[in-house]
Amino acid sequence: MANSLTGKVALVTGGSCGIGAAIAKRLARDGAAVAITYASARQKAEEVVGAIEAGGGRAIALRADSADPDAVKSAIAETAQTLGRLDVLVNNAGSAVVKPFDEFSLAYFDRMVAVNVRGVFIATQEAARHMGEGGRVIMIGSVNADRMPFVGGSLYAMTKAAVAGLTRGLARDLGPRGITVNNVQPGPTDTDMNPAGGPFASVLKGLTALDRYGQGDEIAGLVAYLAGPEAGFVTGVSLTIDGGFSA
Ligand SMILES: NC(=O)c1ccc[n+]([C@@H]2O[C@H](COP(=O)([O-])OP(=O)(O)OC[C@H]3O[C@@H](n4cnc5c(N)ncnc54)[C@H](OP(=O)(O)O)[C@@H]3O)[C@@H](O)[C@H]2O)c1
């Protein structure tokens, strides 16, 4: 029996590790050919490609800093050219800088907006040119768009709230073309960005109802649902997956 994404092509930004790598592997397991982008971790990206190929899937890794509009556009063009089409875009790449408010320079502000918001907009605009009926755009936002329980995360929360707003608007823009746009908002998830043994871990874990961090595979499961045929009537929403962090 064919898997739910057989014949589809997906691009996952920031797929060299963490949540993005878990999503890339899951979409490949569901049958999609997958392109991942990375900013600097070439070897890790190649390892993700190797793992997908070892499982019988097809994957490519492309260097593209989400802050660089031309690099993002080239990655999308190369994906469509090399893998033949583009059906699913997962805007996962993100930057999270937590700092005392007074120490945020304009450079930090611009960089976080460039990666977390402008890069998402550009990738979606370019990817949508290749998509038809049944296309899927999935953002990886954050529960911090709705709840920021510690100091220093103002810019991060702002960028992820922007992603939630962008999702609603894009759902309207792309709905008439049969393309859905949704936003997955993870809570604390064990990755390099936010390790379950890191400095914020005990506080964050304690704020969840389940008293634990999430795993990338759990986030990937929700993304796979949104990418698949059963989610055809879901669009314009932010779906939170946070172990009860916001309950
Ligand atoms: N972990 C959490 O608790 C959590 C919670 C809510 C939301 N999120 C969101 O989930 C997404 C993934 O986070 P993560 O925890 O998996 O982070 P991670 O482990 O640090 O992985 C980030 C990935 O994004 C890539 N990346 C970073 N900056 C990039 C850029 N400018 N251009 C292209 N790729 C870039 C990295 O590649 P390189 O190593 O090559 O740079 C890496 O593949 C982010 O949007 C984050 O905000 C995470």
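Predicted model: local features only at pLDDT ≥ 70, side-chain atom pairs only at ≥ 80, totals over all residues.
**Entry 1: overall fold.** I began with the secondary structure and counted seven helices and seven strands. Following the chain along the sequence, I noted the order β-α-β-α-β-α-β-α-β-α-β-α-α-β. I then looked up the radius of gyration, which is 17 Å; the globule rule gives 18 Å for 247 residues, so the protein is as compact as a globular protein of that length. The C-alpha trace spans about 45 × 40 × 35 Å along the principal axes.

**Entry 2: burial and contacts.** I recorded 47% of the 247 residues as buried. Taking contacts between residues at least 6 apart in sequence, I found that 73% join residues at least 24 apart.

**Entry 3: nonpolar cores.** The largest nonpolar core holds 62 residues, and I listed those that touch the most other members: Ala10, Ala24, Leu27, Val34, Ile36 and Val223.

Entry 4: I counted 31 residues around the ligand, of which Gly14, Gly18, Ala39, Gly94 and Thr191 come nearest. Two elements, α1 (18-29) and β2 (33-38), each give two or more residues to this shell. The largest contribution is from α1, with three residues. By residue class, I recorded the shell as 13 nonpolar, 16 polar and two charged.

Technical notes. Residues numbered from 1 in each chain as written. Core = buried A, V, L, I, M, F, W, Y, C linked by C-beta atoms within 7 Å. Buried ≥ 20, exposed ≤ 12 C-beta atoms within 10 Å, placed from the backbone. Near = placed C-beta within 6 Å. Helix = DSSP H or I, 4+ residues; strand = E, 2+ residues; numbered from the N terminus. Nonpolar A, V, L, I, M, F, W, Y, C, P; charged D, E, K, R; others polar. Rg over C-alpha atoms; globule rule 2.2 N^0.38 Å. Contact = placed C-beta atoms within 7 Å.
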